[in-house]
Amino acid sequence: MKKAGETFHRMVRKALSRFSARRAPAATAAALAGAILSMLPLTGRAQYPTSGRLFTLQQSGPVSNRLNVVIFSEGYTTNDLANHFLADATNAMDNLFSYEPYQEYQNYCNVYAIAVPSINSGSTHPYYLTTNNTFFGSSYDPAYDYIITLPATGLVKMTNLVNSLLPQAGLPVVLVNDVLDGGGGGVADVISRGAGQREILCHETGHTLGKLQDEYDYGYPDLNLNIVTAAANTSQTTNPISWSAWITNGTPIPTPVNTMPAGTVGLFAGANYQTTGWYRPQEDCMMRTLGSPFCAVCSEALVKAIGQKARVPDNGNPATNGIITFTNLQSQLFSIIEPQPLTHNLANQWTVNGTPASGATNLTFLFSPGQYTNGNYTLKVTVHDPTLLVRTDPSNYLGGSLTWKLSVNVYQLNLDNIRLTSAGGFTFRASGNAPYGFVIQGSSNLMNWQALATGSLSGGLYYFTNATATRGSYYYRARLQP
Ligand SMILES: [Zn+2]
């Protein structure tokens with residue numbers, strides 16, 4: 001926890017530095033789309049214990065296979081919790097999912113709210129010398145009244161709530177009940193419910209979820225923050241470049257600004273608060289200017305971060321553990337469940353022993369044992385995300401597979417090779433698969449059958465001999481023993 005706190009404070013220090021030279025541009029009004037949850041009727045403290053109360057805002061799949069976003073209440077009294085916390089949390093969720101690439105992958109996310117009561121409403125503002133007694137102890141920064149941070153004790157409280165209520169939390173968001181714009185990112189998003197929430201939340205999630213670094217500078221190389229490790233969206237070198245898969249041949253490296261078509265991915269000088277020594281992928285990006293779209297490289301990193309939490313597919317039916325044995329010719333339907341990106345489909349392919357089954361690209365596959373000889377088979381479905389947002393995914397965060405072990409052991413007999421014997425009788429042969437033996441039966445009318453012999457295959461074969469000729473028509477059959 002200490003280490004996490006230090007990381008958080010380092011992020012805050014970076015964020016603080018940024019605003020010493022430039023305030024964020026005015027944000028657009030938050031889009032308050034989506035259903036507002038009904039107000040809670042009870043307001044007593046018992047409804048909101050300090051041990052936290054968990055609410056579900058969106059459940060798209062199992063917690064084990066989703067990015068679980070958890071929104072904590074900060075600076076909400078019990079009355080505030082009853083009156084508008086869930087509505088505020090829903091607005092925050094809708095704000096996040098209104099911005100790409102979060103929007104495209106919102107079905108890869110579950111969203112929860114954890115309500116904990118504060119004594120006072122709002123956050124602390126040292127700038128105005130106002131102090132509020134709140135659950136996590138959040139505070140705006142004293143210099144610009146913009147950066148919101150939690151003390152180490154607040155981060156411990158957050159961790160304890162996560163551990164007790166939702167250990168699978170993947171993106172913690174501390175929602176501060178204060179209408180003044182502000183926030184921070186790193187270990188957790190800290191975000192007010194001000195009008196600029198959408199842009200700030202999506203930017204800070206770039207830090208917290210995508211582990212992205214800031215792409216802006218201050219126009220002069222004045223800051224030495226001792227950042228030594230590049231993120232997915234920053235580079236200290238002109239070769240190699242971690243996002244080279246996005247750079248078209250012929251693009252000048254480094255890439256001069258204001259010379260390339262909009263959207264060009266290259267290597268632009270200036271990132272991590274420095275004008276030199278650090279490079280960014282595109283001229284502009286959400287990690288550089290609040291409200292701009294994420295650049296291709298940041299977007300790719302965020303999509304992979306979501307995919308890493310929400311491994312596809314979810315599960316299969318029947319279950320994949322154990323061996324599924326086929327002893328008769330009845331077909332079996334196999335199926336999978338997978339989350340659905342908003343505007344494109346995942347690509348599925350079913351294979352049997354590594355060979356793609358023709359046309360088997362859906363969520364289900366019908367396995368017909370009669371099409372296979374007896375033996376063991378591996379049935380596998382591979383899921384691939386063909387999104388154009390990702391070009392490099394060596395860990396295959398966006399794909400996955402499920403495997404079933406099958407054993408085809410169908411019991412059946414063939415009767416053939418009828419031959420006359422020199423003694424005037426005849427023989428015929430039984431072959432196939434009959435581990436529990438069989439009975440040879442005879443009938444003159446196909447209705448009344450009598451047992452003539454019991455047999456079992458030897459080396460896969462059995463010969464029945466009728467020593468003397470039988471007059472007229474007579475019928476033979478073999479019945480498998482169960
Ligand atoms: Zn970027």
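Which residue stands opposite Gly442 in E24? In this predicted model, the residue opposite Gly442 is Tyr476 of E24.

Strand E21 covers residues 438-443 and runs antiparallel to E24, with 6 bridges joining the two. Both belong to an open sheet of 3 strands in the order E22-E21-E24, where the pairing is antiparallel. Its edge strands are E22 (450-455) and E24 (475-480), and each of these pairs on one side only. From one strand to the next, the twist averages 25°.

**The protein as a whole**

Stepping back, the protein contains 5 helices and 24 strands. It has 482 residues, of which 40% count as buried. If you take the contacts between residues at least 6 apart in sequence, 66% of them join residues at least 24 apart.

**A second open sheet**

Another group of 3 strands forms an open sheet in the order E11-E13-E16, again with antiparallel pairing. E11 (315-317) and E16 (364-367) stand at the edges with a single partner strand each, so one side of each has no neighbour in the sheet. The average twist here is 20° from one strand to the next. E13, made of residues 332-337, pairs with E16 over 4 bridges in the antiparallel sense. To find a spot where they face one another, look for Phe334, which stands opposite Phe365 in E16.

**More strand pairs**

Strands of a sheet pair through backbone hydrogen bonds, either parallel or antiparallel. The table gathers three further pairs, each with its bridges and the direction of the strands.

| Strand | Partner | Bridges and direction |
|---|---|---|
| E14 (residues 347-352) | E17 (residues 375-384) | 6 bridges, antiparallel |
| E17 | E18 (residues 400-408) | 9 bridges, antiparallel |
| E9 (residues 268-271) | E10 (residues 274-280) | 3 bridges, antiparallel |

Val352 has Leu379 in E17 as its bridge partner, while Val383 stands opposite Gly400 in E18.

**A bent helix**

Helix H2 spans residues 78-96, which makes 19 residues. From its first C-alpha to its last it reaches 26 Å, close to the 27 Å expected at 1.5 Å a residue. At His84, H2 bends by about 60°. Of its 19 residues, 14 are buried, so H2 is largely enclosed by the rest of the structure.

**Inside the protein**

Leaving aside residues up to four places away in sequence, Asn68 touches Val63, Asn110, Tyr112, Leu166, Gln168, Ala169 and Gly170. Gln58 is 10 residues from Asn68 in sequence, and their C-alpha atoms are 9.6 Å apart.

In soluble globular proteins, nonpolar side chains tend to be buried together. The largest nonpolar core here has 86 residues, and Phe72, Val173, Val174 and Cys298 touch the most other members. Not counting residues up to four places away in sequence, Cys298 touches Gly206, Gly210, Leu212, Asn233, Cys285, Met286 and Met287. Another core, of 6 residues, lies apart from the largest one and includes Ala430, Phe438, Ile440 and Tyr462.

Most residues other than glycine have a negative phi, and most peptide bonds are trans. The bond from Val312 to Pro313 is cis, with omega near -10°, and Pro313 is in the loop between helix H5 (296-309) and E11. A cis bond also joins Asn317 and Pro318, with omega about 0°; Pro318 is in the loop between E11 and strand E12 (323-326).

Asn353, in the loop between E14 and strand E15 (355-356), has a positive phi near 50°. With 12 C-beta neighbours inside 10 Å, Asn353 counts as exposed. In the loop between E17 and E18, Asn396 has a positive phi near 55°. Asn396 is partly exposed, with 16 other C-beta atoms within 10 Å.

Notes. Residues are numbered from 1 along each chain as its sequence is written. This is a predicted model: local features need pLDDT of at least 70, side-chain atom pairs count only at pLDDT 80 or more; totals for chains, interfaces and linings use all residues. Two strands pair if DSSP finds at least two bridges between them. Axes are lines fitted to C-alpha atoms, for helices over the stretch in contact, and angles run from 0 to 180 degrees between N-to-C directions. The expected span of a helix is 1.5 Å times one less than its number of residues. The bend at a residue is the angle between axes fitted to the seven residues ending there and the seven starting there. A residue is buried if 20 or more other C-beta atoms lie within 10 Å of its own, exposed if 12 or fewer, and partly exposed in between; C-beta atoms are placed from the backbone. Two residues are in contact if their C-beta atoms, placed from the backbone, lie within 7 Å. A nonpolar core is a set of buried Ala, Val, Leu, Ile, Met, Phe, Trp, Tyr and Cys residues joined through C-beta atoms within 7 Å.
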